Amino acid sequence: MAPLFSAGVTVVVIALLVVLSAFFSSTETAIFTLSDDWLAEQAAGSDSRVSLLQSLRRDPHRLLVTILVGNNVVNVAIASLTTVLMIDFLPAGSAVSVATLVTSFVVLIFGEIVPKSYGLSHAKKWAFTVARPIQVVGVVLYPVVVVFDLITRSINEVLGGESRIEQPYLDE
């Protein structure tokens, strides 16, 4: 296996994963930023994406878990692949440190902060754009999401919290 070819492919895969991380982060912000009142107003029109967004938002905890499961799987894969890549070029200890710093920087800037800012400033348009893809992600990740959904609701209840903790934020 040629290290440069392998490194090049790994970098491309990491870049694609960063795009997915940006997708999940911007989606979370865009969909959760929309008000129920705005969605209700939009429902008078004929855009089927409005009913899809309303459907997604009916269970905000499940929606949040879906987005976070997708985002965390992607971000862990970025960290893992970056570490594997760095080990090809640096001693193991240094590779882990460099990979941690590089991954943190890349994920924070390109996978979290910039995408969340974009999702916030383009919430209405972006939410319509991502409604169908996030519904597909929810179907694909359904078994995993159900497990995390049940675990987090149970923990919230044991800690004295609400199982639908996201609802007050949507109501504002």
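Colleague: Leaving aside neighbours within four places in sequence, which residues is I31 in contact with?

Modeller: Bearing in mind that this is a predicted model, I31 is in contact with L53, L56, R57, L63, A127, V130 and I134 once the neighbours within four places in sequence are set aside.

Colleague: And where does I31 stand in the largest nonpolar core?

Modeller: That core has 33 residues, and I31 is, together with L53 and I134, one of those that touch the most other members. Two or more residues come from each of α1 (3-33), α2 (36-42), α3, α4 (60-87), α5 (92-121) and α6 (123-140), and α1 gives the most, with nine residues.

Colleague: R57 was on your list of contacts for I31. Is R57 buried or exposed?

Modeller: R57, which is found in helix α3 (residues 48-57), counts as buried because its relative accessibility is 6%, and the cut-off for that label is under 20%.

Colleague: What does the side chain of R57 reach?

Modeller: The side chain of R57 reaches the backbone oxygen of I31 at 2.8 Å. As for F32, it lies 25 residues from R57 along the chain, and the C-alpha atoms of R57 and F32 are separated by 8.1 Å.

Colleague: Changing topic, what about D149, and which helix is it in?

Modeller: D149 is placed in helix α7 (residues 142-158), and it counts as buried because its relative accessibility is 1%. The side chain of D149 makes a polar contact with the side chain of R153 at 2.8 Å, and, not counting residues up to four places away in sequence, D149 touches H61, R62 and V65.

Colleague: Stepping back to the whole chain, how many helices and strands are there?

Modeller: The secondary structure of the protein chain comes to eight helices and zero strands, and its C-alpha atoms fill a box of roughly 60 × 40 × 25 Å along the principal axes. Of the contacts with a separation of 6 or more, 81% are accounted for by residues 24 or more positions apart.

Colleague: How about burial, surface and charge?

Modeller: Buried residues make up 38% of the 172 residues, while the accessible surface comes to about 9,800 Å², with 70% of it belonging to carbon and sulfur atoms. The protein chain has 10 positive and 14 negative side chains, and the centres of these two sets lie 7 Å apart.

Key: Residues are numbered from 1 along each chain as its sequence is written. This is a predicted model: local features need pLDDT of at least 70, side-chain atom pairs count only at pLDDT 80 or more; totals for chains, interfaces and linings use all residues. Side-chain values use heavy atoms; hydrogens and water are left out. Helices (H or I, at least four residues) and strands (E, at least two) are DSSP runs, numbered from the N terminus. Buried means under 20% relative accessible area, exposed over 50%, partly exposed in between (1.4 Å probe, protein chains only). Contact means heavy atoms within 4.5 Å. Accessible areas come from the Shrake-Rupley method with a 1.4 Å probe; for residues, only the protein chains shown count as cover. Lys and Arg count as positive and Asp and Glu as negative; His and the chain ends are not counted. The place of a charge is taken as NZ of Lys, CZ of Arg, CG of Asp or CD of Glu. A polar contact is a pair of N or O atoms within 3.5 Å; within protein, one must be able to donate a hydrogen and the other to accept it, and residues adjacent in sequence count only if both atoms are side-chain atoms. A nonpolar core is a set of buried Ala, Val, Leu, Ile, Met, Phe, Trp, Tyr and Cys residues joined through side-chain atoms within 4.5 Å.
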